[in-house]
Amino acid sequence: RPRVAPWLLAAMRLASLLEHGDGVGGGRTVVTLDIHDDAKLQDAQLRALHGRLRRERKEMMITWWLAEDGAADCLVSAPLPVPRLRQAIPDPAYHTSGSDGGPGLHAHMDAGLMVAQGSELRAALLRAHRGVPFKEFLRQYVLNVPNIPHGIEEMAWDCYFDEAGWPQLLPFTLFSVHRSLIAGRDTKDPFPSIPKGEKGVPVP
């Protein structure tokens with residue numbers, strides 16, 4: 001199933017965020033990044049987000065993006081509980097346009113920049129799912145599905161957290177908008193150091 005593989009591979013990077021909760025000092029710090037983002041901006045935001053995690057003694061930094069429709073109309077029924085969401089919506093017309101009278105937009109996690117550390121949140125997720133890790137949850141999520149859409153890893157992640165129960169996870173969690181720019185956006189070849197074969201295709 002060729003249309004399945006790419007997004008399942010993309011989802012595997014998220015599993016690593018939750019699989020290192022028993023290391024020295026209470027679990028390893030794990031980061032997921034988009035390789036196509038501008039490295040300077042990415043590094044600056046990563047430093048800022050990790051510093052905030054340490055200052056506020058939290059374990060998970062979830063960056064997010066805005067999706068169409070209000071939280072009540074989310075297709076997977078798992079909108080992120082981002083605090084003060086209206087402040088991040090620039091157009092006031094969306095502030096009360098949802099079917100429930102709330103914002104007409106809702107948030108989902110952005111796999112392009114995530115930070116996890118510590119062990120309590122990781123352990124809480126496993127307990128809530130009776131020992132089922134994210135990889136197995138994802139496998140069951142897509143079992144027998146003929147086509148897997150763009151962004152399945154983000155939808156599955158939000159459902160994994162939502163089904164665990166946000167009230168027990170929020171004490172360990174922070175949220176931030178993912179600020180990014182495409183690397184090499186002003187050039188014809190954004191990755192000149194990557195060897196390329198015929199027709200400009202990167203060499204494995």
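## Overall organisation

The chain in this predicted model has a secondary structure of 6 helices and 4 strands, and these elements follow one another along the sequence in the pattern α-β-α-β-β-α-α-α-α-β. Of the 204 residues in the chain, 41% are buried.

## Helix α2 and its buried face

Helix α2 covers residues 39-56, which gives 18 residues, and the distance from its first C-alpha to its last is 26 Å, close to the 26 Å expected at 1.5 Å a residue. The buried residues in this helix include Q42, Q45, L46, L49 and L53. Viewed down the axis of α2, the buried residues fall within an arc of 105°, and they therefore line one face of the helix.

The other side of α2 carries the exposed residues K40, R47, R54 and R55. As for the buried residues of α2, what covers them includes strands from separate parts of the sequence, namely β1 (30-33), β2 (60-68), β3 (105-116) and β4 (173-177).

## The pairing of α3 and α5

Two packed helices are described by the angle between their axes together with the distance between those axes. For helix α3 (residues 120-128) and helix α5 (residues 152-164), the axes come within 9 Å and cross at roughly 75°. Because an angle of 65 to 115 degrees counts as roughly perpendicular, α3 is described as roughly perpendicular to α5.

On the α3 side, the contact is made by L121, L125, L126 and A128, while α5 contributes Y160, F161 and A164. Sorted by class, the contact of α3 with α5 consists of 7 nonpolar residues, with no polar and no charged residues.

## M12 in helix α1

M12 is located in helix α1, which runs over residues 5-18. With a relative accessible area of 34%, M12 is partly exposed, since that class lies between buried, under 20%, and exposed, over 50%.

When its neighbours within four places in sequence are left aside, M12 is in contact with K135 and L138. A further relation across the sequence involves F134, which is 122 residues from M12 along the chain, although the C-alpha atoms of M12 and F134 are separated by 9.1 Å.

Methods:
Residues are numbered from 1 along each chain as its sequence is written. This is a predicted model: local features need pLDDT of at least 70, side-chain atom pairs count only at pLDDT 80 or more; totals for chains, interfaces and linings use all residues. Side-chain values use heavy atoms; hydrogens and water are left out. Axes are lines fitted to C-alpha atoms, for helices over the stretch in contact, and angles run from 0 to 180 degrees between N-to-C directions. Helices (H or I, at least four residues) and strands (E, at least two) are DSSP runs, numbered from the N terminus. Angles under 35 degrees count as roughly parallel, over 145 as roughly antiparallel, 65 to 115 as roughly perpendicular and the rest as oblique. Contact means heavy atoms within 4.5 Å. Ala, Val, Leu, Ile, Met, Phe, Trp, Tyr, Cys and Pro count as nonpolar, Asp, Glu, Lys and Arg as charged, and the others, Gly among them, as polar. The expected span of a helix is 1.5 Å times one less than its number of residues. Buried means under 20% relative accessible area, exposed over 50%, partly exposed in between (1.4 Å probe, protein chains only). The arc is that of the directions from the helix axis to the C-beta atoms.
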